[in-house]
Amino acid sequence: MIEKRKVHRHIGRWLIPGLVLLLTVTLIGYWYIKELPSNERIEYFNGSNPIIFHGKQEGNAYIDGDQVYLPIDWFHQHLEGLLHVDKDSQSVILTTKTKVIKIPIGKKIYYDDLEKIDSSHTHILSKKETLYISLQTIETFYPLQFKVLPKSSAVQIYINDQEIQWGRVEGTEDEDFLRLRTSPSLKSPYVAKINSGDTVSIEEEKEDFYFVRMEDGRAGYIQKRWIEKTKKEKIVLLNPQSPYSIKEVPNPIQLVWEAVYTKTPNPNELPQMPGINVVSPTWFHLEDGNGNVKSLASSTYVKWAKDSNRQVWALFSNNFDPDLTHEALRTFEKRKKIIQQLVKYAKEYELDGFNIDIENVYLEDGPLVTQFMRELTPALHRLGLIVSMDITFISDSENWSMFYEREKLTNIVDYLIVMAYDEHTSLSSKAGSVSSLPWVENNLVSLLKIIPNDRLILGIPFYTRLWKETINDHGEIQLSSIALTMNEAEQWVKDHDLTPVFDEETEQYYVEYENIEENTLYKMWLEDRSSLMKRIQLTQNYELAGIAGWSRYFGNDMAWASFGEMYATNQNEE
């Protein structure tokens, strides 16, 4: 019994130190295993001739001799709007600021406007239902640079103003630390090994790692301590297109539309309109689905405008017919036919610009409208013409709002004119203002999130609606309205001996008149000097490019005086 107790005391004396030692060894082993760099290697590239763009592999190229081809879908993803596939003519349409190039699929030719150009190579290939376009062809018309990298045959793509930070590998010869890893951790798999003295490009910085790319295109993470930054390079590519310049634009733009339905009015009968520096007569519209354009243009009107120091931005419309629009814009040949006619009229009447008014379009045809503008704008720019386009505020109406691809259109045309009216129309179920000031400003703020203010013109109404609420025999209210010019509205108020009151909700003056004999209540929100000056103030507050009034016929001397005051104020500020 005595001996047993001695053994137990001896074991107890070493138990705790032994456990501490075991724990220490375990922790050291765990730490060593945890920090031990991974030896797992994986392939960086997927497939042959990988495309490298902005630090990522983006699909694969096809190389045929000295020609390098990229999938057209790649351009749709990264350089949207540059290429458009026209199935009807079996061609690809390439558009730039000054060029519209038609490139037949599988042929060694292309068309620059109407001129046929022969080539030594096929521009577009079709392989396994995928269309590829030659990068050498793209370089001819667009500022893009590429090179086929050594060893890997990867295709590196550069675009204008792209910056490259170069670096050099310094320090350790331990290959564990000179491996490019898939994530900023030594435990992640690696894709390649680099050597001390190698030159790399630094594309990203994350925690204690750089994401660097080797000469052959493979890339991965490496600890910062092994990389020394060297020079920074900016890719500067000359645009291969011939330069163009448009006519000098008035500042601010103060435009009025001249609504021409059958015949252009006699200029000698028009008001003086001080402050108006651009007139937009509605002369041209789509006549049929074949792309024919009807003209109501007048040389006499153009001469009057020029003599009064005003620019003429002729309006072209789609007749607000969705079926006609679809049929006329669905193929390149029909779009080209429309464009050629507009170019002819521009030259014939010595126009300064065009205002494109395309409304009531099927939602699915929105991209066709955008493509039409891509093809029209270069043709007009080559003539030095200004291109503007009318749009609506953003709403959930498919045919009247959602079909507009506003952000894309902003990058195509010179100006967008928002038609800030018809808040309430003849089809509305409730009487209301044509264009209340809070409604305009709230929608304007939303629009300015996607359109630069110096590219946006505020369209305003010179008309109002006289609403008529009649109670029928069943006690129901029957609603109707008619549009009145500014003069007609003013006269109606005088005839009924009414005193307008200010409506806080719309920030406009309002009148109402009850006709007991007719069992009818009349309502009208006025477009007068007060509302006009507030709209003009909006253009100044948000530093818009200008203002446009619909239409000259609806306006009066008060409107022209307001425009004249705005113009004089801006001239004094300059």
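This is a predicted model: local features need pLDDT of at least 70, side-chain atom pairs count only at pLDDT 80 or more; totals for chains, interfaces and linings use all residues.
Biologist: How much space lies in the largest pocket?

Modeller: The largest pocket is lined by 33 residues, and Phe320, Glu359, Met419, Tyr421 and Asp422 lie nearest its centre. Among the elements that give two or more residues to this lining are strand E23 (284-286), strand E25 (311-317) and helix H10 (437-447). The space in the largest pocket comes to about 910 Å³.

Biologist: How many residues in the lining of the largest pocket are nonpolar, and how many are polar or charged?

Modeller: Phe320 and Met419, which count as nonpolar, lie nearest the centre of the largest pocket together with Glu359, Tyr421 and Asp422. Over the whole lining, the residues divide into 18 nonpolar, 10 polar and five charged.

Biologist: Which element gives the most to the lining of the second largest pocket?

Modeller: About 660 Å³ of space lies in the second largest pocket. Its lining has 28 residues, with Trp166, Val200, Ser201, Glu203 and Arg213 nearest the centre. Strands E13 (155-159), E14 (163-169), E17 (199-206), E18 (209-213) and E20 (227-234) each give two or more residues to this lining. The element that gives the most, with six residues, is E17.

Biologist: How many charged residues are in the lining of the second largest pocket?

Modeller: Glu203 and Arg213, which count as charged, are among the residues nearest the centre of this pocket. The lining as a whole has nine nonpolar and seven polar residues, and its charged residues number 12.

Biologist: Which strands stand at the edges of the open sheet of five strands?

Modeller: The strands of this sheet pair antiparallel in the order E31-E30-E34-E33-E32. Two of them have a single partner strand each, so one side of each is left without a neighbour in the sheet. These edge strands are E31 (477-485) and E32 (501-503).

Biologist: Which residue in E31 stands opposite Ile471?

Modeller: E30 and E31 run antiparallel and are joined by nine bridges. Neighbouring strands of the sheet are turned by 30° against each other on average, direction ignored. The residue in E31 that stands opposite Ile471 is Ile477.

Biologist: Which helix packs on this sheet?

Modeller: The helix touches E30, E31, strand E33 (508-515) and strand E34 (520-525). Its direction makes about 120° with that of E31. The helix, formed by residues 486-495, is H11.

Biologist: What is the omega of the cis peptide bond from Trp550 to Ser551?

Modeller: Ser551 is found in the loop between strand E35 (546-550) and helix H13 (557-573). A cis peptide bond also runs from Asn251 to Pro252, with omega near -5°, and Pro252 lies in the loop between E20 and strand E21 (253-258). For the bond from Trp550 to Ser551, omega is near -15°.

Biologist: What is the phi of Asp161?

Modeller: Asp161 lies in the loop between E13 and E14. Its phi is positive although the residue is other than glycine, with a value near 70°.

How values were computed. Residues are numbered from 1 along each chain as its sequence is written. Side-chain values use heavy atoms; hydrogens and water are left out. On a 1 Å grid over the protein atoms alone, a cavity is a set of points where a 1.4 Å probe fits but cannot get out, and a pocket is an open set with protein on both sides within 12 Å along at least five of seven lines; lining residues have an atom within 4 Å of a point. Grid points are joined across faces, edges and corners, and a volume is the space filled by probe spheres set on the points. Helices (H or I, at least four residues) and strands (E, at least two) are DSSP runs, numbered from the N terminus. Two strands pair if DSSP finds at least two bridges between them. Axes are lines fitted to C-alpha atoms, for helices over the stretch in contact, and angles run from 0 to 180 degrees between N-to-C directions. Contact means heavy atoms within 4.5 Å.
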